Amino acid sequence: MERRQFIGNTLAGGILLGGETENAQTTSIHDPADFFAHGDLVIERPVSGKPHSGKVLAAIQPHSDDIPIFAAGTIVKLFNEVYTGHLIRVTNDDMAGPGSIANTVLANERDNQEVGRVMGFQKIFDLNYGNHQMDGISRPELRSRLIFLFRLLKVDTIFCYDPWGHYEENPDHYVTSHCVEAACWMANGDKDYPEHFAAGLEPHAVREKYYFARFQQRVNRIVDISSTFERKVDVLLTNKAQGPAGETGARLRASLAARKQRLPLLGENDETANREYIKQFVLRDNTELGKKYGFQFAEQYHYIGPDKPVVDDYVKEHAVPL
Ligand SMILES: [Zn+2]
């Protein structure tokens, strides 16, 4: 049963639409195997004009290469449609990169700044938690920092790992995503963190969520990124310190040359090698997903949109003069 149909039935039956009542009733009516609460599959394509003018997104990534790999094509597409956006990196990436720990931190910080610049983010926040250690942090602390940022930046839409993605092994990914999910609705509370209001902030709900996953998740949104795919490659080239992209193609070309071999795919210079390596190997999933849905390249998400104003709609349709 679809959510809309369910709500119609509850109204007809006189059941109040309080959040808990609705959820409890939904659970008892649904077949437990069903999982359609956030809607059927939607194909999101590029839109001309400025459909998102005035809207703000935040991309939250534990590490400097997460958003580039999973969401850069969609976010650049939304920027083309006149969203503005901010990048929040949660760890300091001190366990994944070149040289000493200090060098690794610096290299990732520089990469992350480049990710932000190339993608077109307005502000970049580094929250500086220890890499791989996030299952030991204070989750309420991270949640409250995110709530502050969502209220300050008036975030309408977030991109992050799916808090309900299966088989995720990295604690930075699953802890960040759970804190983000909680912060999205708590940011709209008028009693949580009253000191924010004293400082001039107001409650602010995050109404749209694009969740990506490394392994399995329930996908209900496919985004056609054919028009921004080359830009996504530009973004992945900036992840030199860690991740599968950056200058990996050039390194493979050099190692093959040392063995008196070459791959025609990698071309005649390092720049071509890096780009083609990214397209052929790093973004192979984008190519295969695009092919499946009839366009060149695609990204996939579990998308959660704004609740429909069912009470307002019902009142508009049925209210009569006294
Ligand atoms: Zn990561």
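Mentor: Let us begin with a criterion: a residue is called buried when its relative accessible area is under 20%, exposed when that area is over 50%, and partly exposed in between. Please keep in mind that this is a predicted model.

Trainee: Why is Asp 93 called buried?

Mentor: Asp 93 has 0% relative accessibility, and the cut-off is under 20%, so Asp 93 counts as buried. Asp 93 lies in the loop between strand 3 (84-91) and helix 4 (101-119).

Trainee: What makes the phi of Asp 93 worth a remark?

Mentor: Phi of Asp 93 is near 60°, a positive value in a residue that is not glycine. Most residues other than glycine have a negative phi. Tyr 167, also not a glycine, has a positive phi of about 65°. Tyr 167 is placed in the loop between strand 5 (157-161) and helix 6 (171-186).

Trainee: Is Tyr 167 buried or exposed, and how do you know that?

Mentor: The relative accessible area of Tyr 167 is 65%. The limit for exposed is over 50%, and therefore Tyr 167 is exposed.

Trainee: What makes Ile 124 neither buried nor exposed?

Mentor: Its relative accessibility is 25%, which falls between the limits of 20% and 50%, so Ile 124 counts as partly exposed. Ile 124 belongs to strand 4 (residues 123-129). Leaving out residues up to four places away in sequence, Ile 124 touches Leu 87, Asn 112, Gln 113 and Gly 116.

Trainee: How is Ser 144 classified, at 18% relative accessibility?

Mentor: The value of 18% is under the 20% limit, so Ser 144 is counted as buried. Ser 144 is in helix 5 (residues 139-153) and touches Tyr 193 and His 196, residues up to four places away in sequence not being counted.

Trainee: Why is Lys 77 called buried, and what does its side chain join?

Mentor: Lys 77, in helix 3 (residues 66-80), has 2% relative accessibility and so counts as buried. Its side chain and that of Glu 44 are joined by a polar contact of 3.0 Å; the limit for such a pair of N or O atoms is 3.5 Å. Beyond its neighbours within four places in sequence, Lys 77 is in contact with Glu 44, Arg 45, Pro 46, Val 223, Asp 224 and Thr 228.

Trainee: How do you know that the count of disulfides is zero?

Mentor: The rule asks for a pair of cysteine sulfur atoms within 2.5 Å, and by this rule the count comes to zero. Cys 179 is in no disulfide, as the nearest cysteine sulfur, that of Cys 160, is 9.5 Å away. Cys 184 is in no disulfide either, the nearest cysteine sulfur, again that of Cys 160, being 8.4 Å away. Cys 179 is buried, with a relative accessible area of 3%, and Cys 184 counts as buried at 1%.

Trainee: What are the buried residues of helix 11, and what puts them on the same side?

Mentor: In helix 11 (residues 284-293), the buried residues are Asn 286, Leu 289 and Gly 290. They cover an arc of only 100° around the axis, which puts them on the same side of helix 11. An α-helix has 3.6 residues a turn, so residues three or four places apart point the same way. On the other side of helix 11, Lys 291 and Lys 292 are exposed. The buried residues of helix 11 pack against strand 7 (221-224), helix 8 (229-237) and strand 8 (298-304).

Technical notes
Residues are numbered from 1 along each chain as its sequence is written. This is a predicted model: local features need pLDDT of at least 70, side-chain atom pairs count only at pLDDT 80 or more; totals for chains, interfaces and linings use all residues. Side-chain values use heavy atoms; hydrogens and water are left out. Buried means under 20% relative accessible area, exposed over 50%, partly exposed in between (1.4 Å probe, protein chains only). Helices (H or I, at least four residues) and strands (E, at least two) are DSSP runs, numbered from the N terminus. The arc is that of the directions from the helix axis to the C-beta atoms. Contact means heavy atoms within 4.5 Å. A polar contact is a pair of N or O atoms within 3.5 Å; within protein, one must be able to donate a hydrogen and the other to accept it, and residues adjacent in sequence count only if both atoms are side-chain atoms.
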